[in-house]
Amino acid sequence: MLKTFFCALISSACLKPVPVHAVGEFRQYEEVQAIIASLEQEKIYAPGELTTLFEQVARDEGVLKAIARPAEGTKEWKEYRPIFLTSERVEKGLAFWREHEETLNRAEATYGVPPEMILAILGVETKYGGNKGRNRVIDALATLGLDYPPRAPFFRKELREFLILSKENGLDPLNTWGSYAGAMGYPQFMPSSWRRLAVDFDGDKKIDLINNPVDAIGSIANYFKANGWKTGEPLAVRARIINQEYDSVTSKELKTVSTLGEIAKKGLVPRETASFMATTPASAIRLQGDNGGEFWLGFTNFYVITTYNRSILYAMAAMQLSQELRAAREAELAAAAIPAESVTVPEGQPAP
Ligand SMILES: [Ca+2]
């Protein structure tokens, strides 16, 4: 206080904010010392190695600001959708599809997850690798795991996983970059997901999600399969209102909590008549769209997407992007399949 007053009197240089924690201060935290002790005891790190490492770890104030305002928590569907469903994201997805067609087909054959779903995740997460994040992962995870009480246990565990992952995979922990939440690479895997579910999909004996799109494609497909993806089953369909009790059946849970038959009794049925069984597990979803409430019936595969990012809006954006990618891809293939003679100019006509 005294210092602040004194600064105000004598010098504008004092206006520069002084960080609460200088670089290296985390190493004094009891929780950091406990992580260091456990990783030394397990012989994952040599004595002293992590103490030296933490001398270079810094609190990141930007991370604390960012986590306080995630888009999923503050936006309605009508605002959220246009962020991700853009023609640019479809075009870039098509280019990525052409470039990695063999890998995407192999991932579908291996894990049962279609190319457009894998691409949609890549598109929503990082624009197909174009934006993998600008935060130093160790700073982000330490800041959230040590100085963000609402979710500290989760991020502290991820910090520990990241330290182990770095050793296992030869990552330089001081030179690995990701999102403000510590998610990394093309698919934005958290460290624990990387360790548990990432795969070496090009057979070079390394798992590299940061620079290797082939490993990223295989890893997303494996993640979906491990979280219950059902090959060939639907994700979600639009619903229409058939009676006025529907409010009682809409759900914000990230899983199927009812069946199509039960939901129909309360007033919501699939818009398109299709052969769904009444016993099909589903949840009814209300989103705030451009014309007020829009209703959906989400199936098991829809909720598998929420295991990737725990948000119904995220899952809906990824699903719709996947559908746009599939439609655009089919249009592209259909156009390419038109025989050359069918577009030749009739004789005597000027060429266009
Ligand atoms: Ca690899």
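A residue counts as buried if 20 or more other C-beta atoms lie within 10 Å of its own, as exposed if 12 or fewer do, and as partly exposed in between, with C-beta atoms placed from the backbone. The model is predicted: local features need pLDDT of at least 70, side-chain atom pairs count only at pLDDT 80 or more, and totals for chains, interfaces and linings use all residues. Residues are numbered from 1 along each chain as its sequence is written.

View 1. Helices (H or I, at least four residues) and strands (E, at least two) are DSSP runs, numbered from the N terminus. Of the 352 residues, 38% are buried. Take the contacts with a separation of 6 or more: 67% of them join residues 24 or more positions apart. Two residues are in contact if their C-beta atoms, placed from the backbone, lie within 7 Å. The average pLDDT (the predictor's confidence in each residue, from 0 to 100) is 91, and 89% of the residues score at least 70. Residues 1-20 have a pLDDT below 50, and this stretch has four contacts in the model beyond near neighbours in sequence.

**View 2. Helix H10 (residues 137-147), mostly covered.** Ten of the eleven residues in H10 are buried. They are Val 137, Ile 138, Asp 139, Ala 140, Leu 141, Ala 142, Thr 143, Leu 144, Gly 145 and Leu 146. What do the buried residues of H10 pack against? Their partners are helices H2 (30-41), H4 (61-67) and H11 (152-169), plus strands E1 (135-136) and E2 (177-178).

**View 3. Helix H6 (residues 77-84) crossing helix H16 (residues 312-337).** The two axes come within 10 Å and cross at roughly 45°. H6 is therefore oblique to H16. Axes are lines fitted to C-alpha atoms, for helices over the stretch in contact, and angles run from 0 to 180 degrees between N-to-C directions. Under 35 degrees counts as roughly parallel, over 145 as roughly antiparallel, 65 to 115 as roughly perpendicular, and the rest as oblique. Trp 77, Tyr 80, Arg 81 and Phe 84 of H6 meet Leu 313, Met 316, Ala 317 and Leu 321 of H16. By class, this contact has seven nonpolar, no polar and one charged residues. Ala, Val, Leu, Ile, Met, Phe, Trp, Tyr, Cys and Pro count as nonpolar, Asp, Glu, Lys and Arg as charged, and the others, Gly among them, as polar.

**View 4. Asn 291, in the loop between strands E6 (281-289) and E7 (292-298).** Asn 291 is exposed because it has 7 other C-beta atoms within 10 Å. Lys 78 is 213 residues from Asn 291 in sequence, but 8.9 Å away in space, C-alpha to C-alpha.
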